[in-house]
Amino acid sequence: MRRTEITPDRLLGEVRAFYDPTRWRFLTVNATDTGAELLIDWIFVPIGRDEEPVILSSCVAYQAPLPSLAALIPASALGEAEMCDLLGVAFEGAKPGLFLEPDAPRAPLLKTPRERDDD
């Protein structure tokens with residue numbers, strides 16, 4: 001795997017520079033609670049070529065706003081909504097409630113409870 005660490009403000013530019021939908025498939029966006037911050041991975045795999053997957057990674061503070069890839073890659077919207085619901089990731093335009101009921105605990109996969117804006 002080719003892992004490249006980026007800052008959130010560079011995400012859209014990096015994706016625009018390398019992503020060609022005839023050569024790369026957006027696989028998923030994943031978030032991991034490290035206990036100190038969130039590690040976000042955007043994963044791309046080659047189409048029909050023997051190349052390593054590309055992972056763009058960014059460590060961000062809890063509730064830090066992140067750009068959405070949905071305008072460039074519509075399939076990313078579903079993963080972004082999932083990360084919003086389950087870990088409270090603040091992707092631009094992602095709203096909680098796609099995967100969890102309105103009365104469910106917010107961000108249930110966080111390692112430690114965080115302040116909730118609805119409490």
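At 43% relative accessibility, Cys-59 counts as partly exposed, where buried means under 20% relative accessible area, exposed over 50% and partly exposed in between (1.4 Å probe, protein chains only). Cys-84, at 7% relative accessibility, counts as buried. The model is predicted: local features need pLDDT of at least 70, side-chain atom pairs count only at pLDDT 80 or more, and totals for chains, interfaces and linings use all residues. Residues are numbered from 1 along each chain as its sequence is written, and side-chain values use heavy atoms, with hydrogens and water left out.

**Cysteines**

- A search of the whole structure finds zero disulfides, a disulfide being a pair of cysteine sulfur atoms within 2.5 Å.
- Cys-59 is in no disulfide, and the nearest cysteine sulfur, that of Cys-84, is 19 Å away.
- Cys-84 is likewise in no disulfide, its nearest cysteine sulfur being that of Cys-59.

**Salt bridges**

- The structure holds four salt bridges, each defined as a side-chain nitrogen of Lys or Arg within 4 Å of a carboxyl oxygen of Asp or Glu.
- One of these joins Glu-14 and Arg-10, with the closest N and O atoms 2.7 Å apart.
- Both partners are partly exposed: Glu-14 has a relative accessible area of 26%, and Arg-10 one of 38%.
- Arg-23 forms a salt bridge with Glu-51, the closest N and O atoms being 3.7 Å apart.
- Arg-23 lies in the loop between helix H1 (11–18) and strand E2 (24–33), and Glu-51 in the loop between strand E3 (38–46) and strand E4 (54–60), so the pair ties together parts that are 28 residues apart in sequence.
- Helices (H or I, at least four residues) and strands (E, at least two) are DSSP runs, numbered from the N terminus.
- Glu-51 also forms a salt bridge with Arg-49, where the closest N and O atoms are 2.5 Å apart.

**Surroundings of Arg-23**

- Not counting residues up to four places away in sequence, Arg-23 touches Val-45, Pro-46, Ile-47, Arg-49 and Glu-51, contact meaning heavy atoms within 4.5 Å.
- Arg-23 and Pro-65 are 42 residues apart in sequence and 29 Å apart in space, C-alpha to C-alpha.

**Nonpolar core**

- The largest nonpolar core has 25 residues, of which Ile-40, Trp-42, Phe-44 and Val-89 touch the most other members.
- H1, E2, E3, E4 and H2 each supply at least two residues of this core.
- A nonpolar core is a set of buried Ala, Val, Leu, Ile, Met, Phe, Trp, Tyr and Cys residues joined through side-chain atoms within 4.5 Å.
- Leaving aside neighbours within four places in sequence, Val-89 is in contact with Ala-31, Leu-38, Ile-40, Leu-66, Met-83 and Cys-84.

**Nonpolar surface patch**

- Leu-78, Leu-98 and Phe-99 form a nonpolar patch on the surface, with about 310 Å² of accessible area together.
- Patches are made of residues with over 30% relative accessible area and no salt bridge, like charges being joined within 9 Å and nonpolar side chains (Val, Leu, Ile, Met, Phe, Trp, Tyr) within 5 Å.
- Accessible areas come from the Shrake-Rupley method with a 1.4 Å probe; for residues, only the protein chains shown count as cover.
- Leu-78 lies in helix H2 (residues 76–87) and is exposed, with a relative accessible area of 52%.
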